[in-house]
Amino acid sequence: MRSAIVVGSVLMVSLGAVEPEDVLIAGAPTWTARPFVQPSNVRPALRWNSTIYPLSRPDVDWIATIPAPEIAQSGVAEITVLDLDRNVAQLPVYQPVCLPVSSRSVLFDHRRGRVIGEALGATSGLVAVDHRSGQLLHQAVFPTRVAGLAAGPGLDSLFAHGNNWVHQLDATTLETRTRYQHLAPRTSISAMAASPVSPGTFAILTEGDVPVALLVDGATARARSWILPGRPGSAAFSPDGRAILVGVWGVGLVELAVEPDGLSERRALLAPSADFDLAGDRFYFASGDVWDATTFEQIGHLATGSPVVDDPARDRIYTGDGRVFDRATLLPLGNRAVHGGVIARWGESGLIVAAGGCVVSHETPAAAPAPSFTAGGVVNAASGRSGSVSPGEIVAIFGERLGSASGRIADWRTAFDLAREIGHVEVFFAGIPGVVLFARSDQVNVVVPFGLPDRQAIRVQVVHGGIPSSQVEIRRAAAAPAIFTQNASGEGLGAILNQDGGLNGTSRPARRGSVVAVFATGGGRVRPPGVDGRLNWLPLPVLDAPVHATVGGQDAEVLFAGPAPGLIAGALQVNLRIPEALAPGFHPVRLAVGGIESPGGVLVNLE
């Protein structure tokens, strides 16, 4: 079984959709990914989940060898491609889940989040599985192999057909409601369509010496037929259910009126192909031609002949060969879907693709509204001020669809290192991943990479569940110092420890002449270079730039300024001596790193 994934517009990773039992039976210790990489002058690597695998090129193809246990596990695999020379991650992250459903006959029930289709490896079974996990929900057995599926109005009923039978099914349980046997004696059913307005009503096309279109009214069990003038292709009902549209090879498109006493030909039109998709108000022919379904006039041409999913809500068209088109202009937008498969159905949470013998559920950048934020929503986590980012700075990003509804905190990769992402949320600064500390739908806290390039502006991007936001441009600063406050507002009592280790406050003032520890962020680069995600531990690096402090407007002696021991790299600690000449009460505290001063409003209480 094989499926394919397109990463960004420059990389294609062909995936062997391997089940755990397949690996056990084959005894294969490794699995090989063969990516296609452009441009050719990069030094790429493949990151599978959190592990980076180097790519070798023994011949024409790039190859990544991945241990089979990494592949043979349930759930979602996240794939990113890295350019090792520039430490840049290409647009990630596609999330494939191989489902135990054959690609022969498949339907996506978006209302219930299920894929319905022929059981993989079975000869006459139909299954409903959860489209995210692949968990089996319901199953049914039929006289012979299922050849096609169609959904009734509102997905409240389903129809399955074989060579000469049709079963109407309960859409939830897959139990048979009505059986229709011997509908095509001495012939076979080649296509089926369900009425969009009349539950239980369907049409079939039969092949044989005398091809026929047969309309069956489920309420009355009455059948009406019309002899086709040639070999049948596709079939579909008009949106109002008053006509059946039939593709006929050598003829074109035939419109049959559904009348009380039978079927009658309304018109026959020359058409570019007998195979088509009727999606919304358009015909999409296998030749690539696009027709208006009301006027039957050509409105354009798609540079593809594969099956189509029409998505008017997003003004896009998705095709089974992995391309996305602008719905208004029919111009290509790039390869952002799945390559090499046939799209079965489009849903709010992703793409269901029949590819290479199995069905794959994909979360793709086209699958849902993207994360959204503005430059003004990227703020220093201590001060709440926006305008710039600096190496190692802890920032908060506020926006929409940035993560899951319930917040997630950072995950430990090792005893001293945090993972770069949490809850399928990643944040990139000039293509370099930051360390995500907290992620929720409206807020992400992240440490800016220490290796931020020396540029005037940096592009910031949030990726949630494989869906990338737009790249937002923000000014790069050498430093952006700010002191954390106890109420997290950026003003008021600072996150300051007295010399005895107690938290400075209204009832716990600091003595004049004592040493206090001030906690901050935004100090810029350190020597030796900071390690993203690492806990600060001995020996501690030092800040590249000099640090100056004032309390109550008076210079304060700085005894130590550097990474805060035991906290994440990016958190700073400045030990300073309170000037003796200050009066009791609340006084402002400010830091300056390399001449860049922290915002005012942060206070320390003196006795």
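**Close-up views of a predicted model**

**View 1. R282 faces a residue of β27.** R282 stands opposite D292 in β27. This is a predicted model, in which local features need pLDDT of at least 70, side-chain atom pairs count only at pLDDT 80 or more, and totals for chains, interfaces and linings use all residues. Residues are numbered from 1 along each chain as its sequence is written, and side-chain values use heavy atoms, with hydrogens and water left out.

**View 2. β26 and β27 form a hairpin.** Strand β26 covers residues 282-285 and strand β27 residues 289-292. The two pair in the antiparallel sense over 3 bridges. Pairing requires at least two DSSP bridges between two strands. Between these strands lie 3 residues. In this hairpin G288 takes a positive phi near 105°.

**View 3. β27 also pairs with β28.** Strand β28 spans residues 298-301. Its pairing with β27 is antiparallel, over 3 bridges. W291 has Q298 in β28 as its bridge partner. This hairpin has 5 residues between the strands. There, F296 takes a positive phi near 60°.

View 4. Of the 607 residues, 54% count as buried, meaning under 20% relative accessible area with a 1.4 Å probe, protein chains only. Contacts are heavy atoms within 4.5 Å. Among contacts between residues at least 6 apart in sequence, 49% join residues at least 24 apart.

How values were computed. Buried means under 20% relative accessible area, exposed over 50%, partly exposed in between (1.4 Å probe, protein chains only). Helices (H or I, at least four residues) and strands (E, at least two) are DSSP runs, numbered from the N terminus.
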